[in-house]
Amino acid sequence: SNEESEDLVENVQNDTPSPIQRNLPSGLDLIGWVKTGPYQDPTDFLLKYGPDAFVTDNPVYLHYTGEPEAELQTFIFKNRMLQSVECVTFEDDFLYREYYLLRLRCTLTLVCEQTEKSVCENAFRLRKQLGSGSVAFTVPAAPGVLLSDYVVTGIDKEENVEMLYAMATAPKPEQDDGFGVVGASGRVKAKKPQINNRPPTGYRVIDFGLLIKKSKDDLDEKLRREACNVTIDRRNDDQTVKVPFQVDCLSMVHRTKKLDKCFDNMVDSVDCSLGLIESALLEQLRHQQRLYVSKCYHMLPKELGHFVTCVYPLDGELSESDSFLERQRANMHKQFLLKMTLPHFRKGNAYQFQAGKRLVNPHETLSVPHPDGRTAVVAGAYTYHHYMQDEFDDKGWGCAYRSLQTLVSWFNMQGYSSGKIPTHNDIQACLVRVGDKQRPFIGSRQWIGSTEVSICLNDMLGIDSRIMFVTHGSELASRGMELLQHFQHEGTPIMIGGGVLAHTILGVSMNAELGETKFLILDPHYTGADELGPVLGKGWCGWKGEDFWDKSAHYNLCMPIRPKRL
């Protein structure tokens, strides 16, 4: 609720909102305004602020009253008048299919004094150097490809982004070691890679590197990409410092865009990223009186549908709970009209471009059993943990441990915590440390229940939990409304233990007319490979009816309470 949001940030001092164009991928432009609340004629406002605010001469104006059943009103401001127009909403699948992300990563160094004037002057010089035609872009996954301001090498310049992606992701040809390639006869012409026509389930990313010339006569020098072990050198008498920062910028381009037109997109992307980093360094000077080694973090809030880039000091430089970072996150929430009750811009919220070994949110493709009823599911991302992972045999006793690992992953991926996923030994050691178990418990194959899970969440992450007791499994359906409210207000996954089994509840769907309640279950007893097909096909993650529960067994539910902070 808005009241709750205001209460949560009443002690967080907000800075003046800054322009957000630089926080967006290159190619994604601001084209208008959106207003919520009672309708008021915006003509005077648009005449004053509209003409120079956007890349279009006819800015868009959206209005939503917020009243029940109200529809979004859409207008364009043309010829100094507001004109009503129709709009079409594009779903994520359309964006995944039609657009690619070009991602550039490199490390640059800003040499300056720790003053705002010096940061601005030297950042301007760096941006001017990179925009003067002295840069080129490489594609590490396609070593022969180079994009510069005057030539494209390694691939026909008339080819498009879609073909470059096919080339970068194609199986690498077998290398000739001097003894010939098995099965090859004579000179074999490289085949043109095939474009994969399967519908993508997320944004397709092409990674780029940066080459920069020291001068017209020097060879290109590939920049280092590591910033983790560098520190600011403050030993100079004149207070000049070298500030390394990690550039990580995105360009959003259509799949048919020709490669010889991509260079300008990449330059714009770098320039935009440097502007964002410069702004972040100036904020550090104003509020912290020092500069930090900083890097870019890309967030993809589900409510927005597009990436947002934030610049923060590297891990270890500044605590996530520092008021400086809290203030920055609060400003971002205000800029994008996001609720203040769920973090979207913590470092832990950063988008994972490289898929890990674990399945993330396997439930997302499942259909809701009661679309006309009341449904609520877990809010945010988690990883699926189950028997036999990490080459550890816990079959028959480790289901609650695995459910706890899933709960911890949720808090990590929402940015509330940043530690590693605890092992079975870590969990047992925790329970011994707090006095719940005796020392022989460590290394044993003994079960744990919802109470132990709540103890570990509190000790490891500082998270409180509510324990719900259910005398018989047949009563769980009658608790559907309580579970619904939990997912609506807390959004955390629930660990449930009963008899000799433990599961994770991810959601609930209710149909009052049918008197039916279904539970979204993530089953930690799965022993197969981490592949979505068998997990969904065989019901290891799926909606279950009331008969899923043992009617005679009693159940305890560990319901974690989400921290109310950004």
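Colleague: Where is Trp 410 found?

Modeller: In this model, which is a predicted one, Trp 410 is found in helix α8.

Colleague: And is Trp 410 buried or exposed?

Modeller: Trp 410 is buried, its relative accessible area being 0%.

Colleague: What is Trp 410 in contact with, leaving aside its neighbours within four places in sequence?

Modeller: Once those neighbours within four places are left aside, Trp 410 is in contact with Val 378, Ala 379, Gly 380, Ala 381 and Tyr 382, and also with Tyr 416, Glu 490, Gly 491, Thr 492, Pro 493 and Arg 562. For Thr 492, which stands 82 residues from Trp 410 along the chain, the C-alpha separation between the two is 7.4 Å.

Colleague: Let me step back to the whole chain. How many helices and strands does it have?

Modeller: The secondary structure of the protein chain comes to 12 helices and 20 strands. The chain has 566 residues, of which 46% count as buried, and it exposes about 30400 Å², with carbon and sulfur atoms supplying 49% of that area.

Colleague: Among contacts between residues at least 6 apart in sequence, what share joins residues at least 24 apart?

Modeller: That share is 68% in the protein chain.

Colleague: On to helix packing, then. At what angle do α4 and α6 cross?

Modeller: The axes of helix α4, residues 116-130, and of α6 cross at roughly 170° and come within 10 Å. The crossing angle is over 145 degrees, so α4 is roughly antiparallel to α6.

Colleague: Which residues make that contact between α4 and α6?

Modeller: From α4 the contact draws on Glu 116, Val 119, Cys 120, Ala 123, Leu 126, Arg 127 and Leu 130, while α6 supplies Val 270, Asp 271, Leu 274, Gly 275, Glu 278, Leu 281, Leu 282, Leu 285 and Arg 286.

Colleague: How do the residues of that α4 and α6 contact divide into nonpolar, polar and charged?

Modeller: They divide into 10 nonpolar residues, 1 polar residue and 5 charged residues.

Colleague: Now charges. How many salt bridges does a search of the whole structure find?

Modeller: The search finds 23 salt bridges. One of them joins the side chains of Arg 255 and Glu 98, at 3.1 Å from N to O. That pair links distant parts of the chain, since Arg 255 sits in the loop between β11 (240-254) and α6 (262-288) whereas Glu 98 belongs to helix α3 (residues 92-98), and the two are 157 residues apart.

Colleague: Which residue does Arg 358 form a salt bridge with?

Modeller: Arg 358 forms a salt bridge with Asp 390, and their closest N and O atoms are 2.3 Å apart. This pair again links distant parts of the chain, with Arg 358 in the loop between α7 (323-335) and β14 (374-377) and Asp 390 in the loop between β14 and α8 (399-413), 32 residues apart. Arg 358 counts as buried at 18% relative accessibility, whereas Asp 390 counts as partly exposed at 47%.

Colleague: What is the phi of Asp 390?

Modeller: Asp 390 has a positive phi of about 60°, although it is not a glycine. Glu 391, which lies in the loop between β14 and α8, has a positive phi near 55° and is likewise a residue other than glycine. Glu 391 counts as exposed, at 82% relative accessibility.

Colleague: Last one: where is Glu 452 found, and what is it in contact with?

Modeller: Glu 452 is found in helix α10, residues 450-461, and it counts as buried at 13% relative accessibility. Leaving aside neighbours within four places in sequence, Glu 452 is in contact with Leu 431, Asp 436 and Lys 437.

Technical notes: Residues are numbered from 1 along each chain as its sequence is written. This is a predicted model: local features need pLDDT of at least 70, side-chain atom pairs count only at pLDDT 80 or more; totals for chains, interfaces and linings use all residues. Side-chain values use heavy atoms; hydrogens and water are left out. A salt bridge is a side-chain nitrogen of Lys or Arg within 4 Å of a carboxyl oxygen of Asp or Glu. Helices (H or I, at least four residues) and strands (E, at least two) are DSSP runs, numbered from the N terminus. Buried means under 20% relative accessible area, exposed over 50%, partly exposed in between (1.4 Å probe, protein chains only). Axes are lines fitted to C-alpha atoms, for helices over the stretch in contact, and angles run from 0 to 180 degrees between N-to-C directions. Angles under 35 degrees count as roughly parallel, over 145 as roughly antiparallel, 65 to 115 as roughly perpendicular and the rest as oblique. Contact means heavy atoms within 4.5 Å. Ala, Val, Leu, Ile, Met, Phe, Trp, Tyr, Cys and Pro count as nonpolar, Asp, Glu, Lys and Arg as charged, and the others, Gly among them, as polar. Accessible areas come from the Shrake-Rupley method with a 1.4 Å probe; for residues, only the protein chains shown count as cover.
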